[in-house]
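Please find below my notes for a colleague who is meeting this structure for the first time.

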Amino acid sequence: MVSLSNHERTDDLVLGIDVGGTKILSAVIDPEGNKVSEYLTATRASEGFEEVLKSIVESGFGALVKAGKGFSEVRATGLAVAGLIDAKDGIVRASPNLPGWRNVPLRDRVEAAFGNRVFLINDAHAAAAGEHYFGAGRGCRDFVYITVSTGIGGGLILNNELYEGANGFGGEVGHMVIDDKGPLCNCGNRGCWEMLASGKALEREALRLIESGSNTTIPLFCHPDPEQSEGEGSQSHPIKCITAKAIHAAALAGDPLAVELIQRTGYYLGVGLSNIINIFNPELIVIGGGLSNIGDMLFKPAIEEAHRRAFKQSFDLVKFTLAELGAYSGVIGAAAYARQQLGRPKE
Ligand SMILES: [Zn+2]
């Protein structure tokens, strides 16, 4: 795909902000999707809306100062937030990262603070847009982006456009029900995809098997946060600290239970992928998020299961690839979205 704006001046800048549960990353982004500057600050989500707003302003301002720019020198701000985001009205309906937020008019408050146009977007939608313009989905007309980390998020690029749905809540693939008798999800349903194929699913199953006496070395690969160990010696490995990373490390060292847990997670990942393939018939599925670092041990069983279940013609066409923008997909995508919303041609 041709860059967003070949004919624009190189100082044609947009600010991207990605509000995570613990950190806010801001970056000044040029028309080619390059970071001119970046600034990271704590979200302080537990301190409530006004404090988070201050953190957002601090983060955006910090990135601008590093770029030697003022708010009036960036054309717009793209603001990515996890959860149910009403992009049209600029309202955070609910967010897993921001406890207690209900119907918060975040766009208007940030606009008032910055004095420039602000466009609010779901973080997985932003990442999909980022991968579409500048990452693994360049030149791809129909693809599905999924991020597999603690939970599972998704973004749909259909007919070269980000598909947000009627009120912006589209693409919530993580809450596709895979097993209606499965584990209870925060959304109120049982057996959502993210309850079976995400980092938290992997960790929950490991904990369950360890507590029921299964033989495994996984706890030996856990490194508890020293601030939370309350004086326990370094030889102590409380099983509550079990992470996907520790399970992966144990699997790499040959622990059979860890390998089986990852393969089981891969199996469920594949069940969901087959649904996505059958529903959207995408040419590409871009996979990001922390759990994708596990690589083939997770993806091989996933792709095998998707192969078994999806329509043959659709499976034969689809390609799977890893996301390219990593931790920057949110800021780069939010900036690209803001630029696009300003009415610039996309190709
Ligand atoms: Zn759910």
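The numbered points that follow begin with the basis of the model and then take up a metal site, a helix and the loop after it.

1. This is a predicted model, in which local features need pLDDT of at least 70 and side-chain atom pairs count only at pLDDT 80 or more, while totals for chains, interfaces and linings use all residues. Residues are numbered from 1 along each chain as its sequence is written, and side-chain values use heavy atoms, with hydrogens and water left out.

2. The zinc ion is coordinated at 2.0 to 2.4 Å by His-175 (ND1), Cys-185 (SG), Cys-187 (SG) and Cys-192 (SG), where donors are N, O and S atoms within 2.8 Å of the metal (3.2 Å for Na, K and Ca). The donor residues follow the spacing H-x9-C-x1-C-x4-C in sequence.

3. Buried means under 20% relative accessible area, exposed over 50%, and partly exposed in between (1.4 Å probe, protein chains only).

4. Helices (H or I, at least four residues) and strands (E, at least two) are DSSP runs, numbered from the N terminus. The buried residues of helix 1 include Phe-49, Leu-53, Ile-56 and Leu-64, and what covers the buried residues of this helix includes strand 1 (13-19) and helix 2 (106-114), contact meaning heavy atoms within 4.5 Å.

5. Helix 1 is followed by Gly-68, whose phi is positive, near 70 degrees. Lys-69 lies in the loop between helix 1 (49-67) and strand 4 (74-81), and Lys-69 is partly exposed, with a relative accessible area of 25%.
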